[in-house]
Amino acid sequence: MAGPAMDLLRFATAGSVDDGKSTLIGRLLLDSKSIFEDQLEAVESTSRSRGYDYTDLALLTDGLRSEREQGITIDVAYRYFATPRRKFIIADTPGHVQYTRNMVTGASTADLGLVLVDARQGLTEQSRRHAVILSLLRVPHLVLCVNKMDLVDYAEDKFDEIHAEFTSFATKLAIPDLTIVPISALKGDNVVTRSAHMDWYSGPSLLHHLENVHVASDRDLVDTRFPVQYVVRPKSDEYHDYRGYAGRVAGGVLKPGDEVLVLPSGMTSKISEIDLFDKQLDEAFPPMSVTVRLEDDVDVSRGDMICRPQNAPQPSQDIDAMICWMSSTPLRPRQKLSIKHTTRAARTMIKDVQYRLDVNSLHRDLETKELGLNEIGRVQLRTTSPLLCDPYEKNRTTGSFILIDEATGVTVGAGMINSSS
Amino acid sequence: MTVHADYRLSQLAELEAESIHIFREVAAEFEKPVLMFSGGKDSIVMMRLAEKAFFPAKIPFPVLQIDTGYDFPEVLQTRDHWVDRLGVRLVIASVEDAIASGVVVDDGKTSRNRLQTGTLLHAIEEEGFTAAFGGGRRDEEKARAKERVYSHRDDFGQWDPKNQRPELWSLYNGRLHAGEHMRIFPLSNWTELDIWHYIGAEEIEIPNIYFAHQRRVFLRDNMLFSESEHNPMRAGEKIEERTVRFRTVGDLTLTGCVESQADTIGAVIDEIAIARVTERGATRGDDRFSEAAMEDRKREGYF
């Protein structure tokens, strides 16, 4: 159980009450013994008091009073479970149209996205939308669970039909790794163990796949990117001359002796030490938090980026990005906002809304020049100072940003950079 | 912490890296952060992570403790060890003082735990803290499962769960208006078991009441409470000596203990791995009153 050596998989689930998402999550938690008696008892007693004749496992994740009152999940809920192989963090997001922003939020940190469809209904507009959002957020692994197989008599042709339809739809999306599993969350078929009812399916159970999918190689280990977060200067007698640049490795592998380029100043130096607390490391890679020391006394501060002389992001003030808008006041050209990208903050102006993307049909609406709440579109921005960015498809850390309303201070947009110039 | 040869981090190393990133981000972006230190295991793990985040420099913010007057002496002792070793400034806000000066009202019915909220909010306002680190974890309780790492508090210190800011990637939004503050939860993604594994791996000093010991206790509401002058016995209750340990530490009038023989970290981990009740459910009187007890306290400005 959650031993120190196991690794971590973060996955996002999307779906509504109807496709059995809560039942599936409930089953994963129950079967991995991650639900405690008092939690289960609370859910059982609430189910009884509402007159249900079954235990509504959705109540486990519906944490806020308004959610329980309305019987719907409003916000992203994080759940945790572990097997002897892995620890899992589930970002459980509601599936309704109006909650696109929550799905985007849950998907932003996910290694894997899990979409559910009801075997009786096949692909719906909602399941397509979920797949589109996961691919826009560049979630590297996608699992489609064809649920409620028990209600179609575990029929292979039903599964094949959905399999074919989804595979063809997925070719239009950026999905590097797709796995499709026929399950019954209610009966437990192919969830933890392989089902005895579906001899025709030779793939892994869902949990087996979650435990074994390889995620370490999803991180960029080639292009060195180290956004400086904080300058460590002890100013004590013992560490009088210590000057370290603290941050989280966003890409590549850093080693002592590496020649580095500091942006935006353009100065070069060599890494002398990489510190993690009181230890000196031979190398550092994503997503480690370390402190880098340089041989030369160059001027480095928060917001700077340490990279390699031959491999550096292009500093740019003109950004082309996909934006998911999260405010009820629409995004419009000439609007001014604050932007946070890696450890850099700046101001930005919306230059143009190129198109709005219909996440159900992938249709590009070129007529609309604004984005409403929960809408996604391609936007051009100009920033007051250069950002040190990469395309989001190359690096999810140096390719992403958030937009903040300057008056309210609220996060109103999430951006994924296509290119900069 | 072990690092995998094929550029994989263990999940504990990844959690540690995430928490350190949060500490540094807050230290860089907020004018006056403070670490809320209860002396409990979660806040001690926070201290350890903060120590690592800024090493070899000292932790660049003070620690704040709310003294309920009903704290376990063992916990205060551990607190003092940590504060001395790290050389950080300790700010103590006392519930007794808050009652004496009329900041909060002790009506004899409200628990010390509840009075902490007013005392805490007053201390944050008095000292002008703009960000307060708390040891809350999302696995603890349903309302916490939806709370952000950066959790916004309005002028009145209140949390509005329906109006939380979206939190994407590891891009945290620390914007505040005058009078508002942010609660920061660097342990959001840790579970109870992760905390224990980390304490074990890092050999972290925690109060000895987390381990099995002999204690004079009495049974109330199916929980075992410690004998204390602050805990007057009710009719029918009787003191017994048992071998117990605490799963959480807080106000001793509200924090129960469990019978246990676990006297080492390894034994505690084994015990938790097979535990069937959450730590708050097992030993916290304060979360038992209603289904939304934690949500209500959090809305008011509780930790």
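Me: Is B:Phe23 buried or exposed?
Reply: The model is predicted. In it, B:Phe23 has a relative accessibility of 0%. Buried means under 20% relative accessible area, so B:Phe23 counts as buried.

Me: What kind of ring pair do B:Phe23 and B:Phe61 form?
Reply: The search of the whole structure finds 22 aromatic pairs over all chains. For B:Phe23 and B:Phe61, the ring centres are 6.3 Å apart and the planes meet at 15°. Planes under 30 degrees apart count as stacked, so the pair is stacked.

Me: How many residues apart in sequence are the parts that B:Phe23 and B:Phe61 tie together?
Reply: B:Phe23 belongs to helix α1 (residues 11–29) of chain B. B:Phe61 lies in the loop between α2 (41–54) and β2 (63–67) of chain B, and is buried with a relative accessible area of 4%. The parts tied together by the pair are apart in sequence by 38 residues.

Me: Which residue of chain A is in the ring cluster that holds B:Phe23 and B:Phe61?
Reply: Ring pairs link B:Phe23 and B:Phe61 into a cluster with B:Phe54 and B:Phe133. The cluster also takes in a residue of chain A, A:Tyr230.

Me: What kind of ring pair do B:Trp196 and B:Tyr210 form?
Reply: B:Trp196 is buried at a relative accessible area of 1%, and B:Tyr210 is buried at 2%. Their ring centres are 5.7 Å apart, with the planes at 80°. Planes over 60 degrees apart count as edge-to-face, so the pair is edge-to-face.

Me: Where in chain B is B:Tyr210?
Reply: The partner B:Trp196 is in helix α6 (residues 192–202) of chain B, 14 residues apart from B:Tyr210. The pair links distant parts of the chain. B:Tyr210 is in the loop between α6 and β7 (213–220).

Me: The charged end of which residue sits over the ring of A:Tyr78?
Reply: Within chain A, the charged end of A:Arg128 sits over the ring of A:Phe169, 5.8 Å from its centre. For A:Tyr78, the charged end is 4.1 Å from the ring centre and comes from chain B. The residue is B:Arg138.

Me: The side chain of which residue makes a polar contact with that of A:Asp150?
Reply: A:Asp150 is placed in the loop between β5 (141–147) and α6 (156–170) of chain A. A:Asp150 is buried, with a relative accessible area of 14%. Beyond four places in sequence, A:Asp150 is in contact with A:Ser184 and A:Lys187. The polar contact, at 3.5 Å, joins its side chain to that of A:Lys187.

Me: How many residues does the largest nonpolar core have?
Reply: Nonpolar side chains tend to be buried together in soluble globular proteins. A:Val146 is among the residues with the most contacts inside the largest core; residues that A:Val146 touches include A:Val117, A:Phe159 and A:Ile180. A second, separate core has 63 residues, including B:Ala50 and B:Val244. The number of residues in the largest core is 78.

Me: Which elements of chain A do the buried residues of α1(A) pack against?
Reply: Helix α1 (residues 21–31) of chain A has buried residues that include A:Leu24, A:Ile25, A:Leu28 and A:Leu29. An α-helix has 3.6 residues a turn, so residues three or four places apart point the same way. The buried residues of α1(A) pack against β1 (7–15), β2 (77–82), β3 (86–94), β4 (112–118) and α7 (206–212).

Notes: Residues are numbered from 1 along each chain as its sequence is written. Chains are lettered from A and ligands numbered from 1 in the order in which they are written. This is a predicted model: local features need pLDDT of at least 70, side-chain atom pairs count only at pLDDT 80 or more; totals for chains, interfaces and linings use all residues. Side-chain values use heavy atoms; hydrogens and water are left out. Helices (H or I, at least four residues) and strands (E, at least two) are DSSP runs, numbered from the N terminus. Buried means under 20% relative accessible area, exposed over 50%, partly exposed in between (1.4 Å probe, protein chains only). A polar contact is a pair of N or O atoms within 3.5 Å; within protein, one must be able to donate a hydrogen and the other to accept it, and residues adjacent in sequence count only if both atoms are side-chain atoms. Contact means heavy atoms within 4.5 Å. A nonpolar core is a set of buried Ala, Val, Leu, Ile, Met, Phe, Trp, Tyr and Cys residues joined through side-chain atoms within 4.5 Å. Rings of Phe, Tyr and Trp (its six-membered ring) pair if their centres lie within 6.5 Å; planes under 30 degrees apart count as stacked, over 60 as edge-to-face and the rest as tilted. A charge sits over a ring if NZ of Lys or CZ of Arg is within 6 Å of the ring centre and within 35 degrees of the ring normal.
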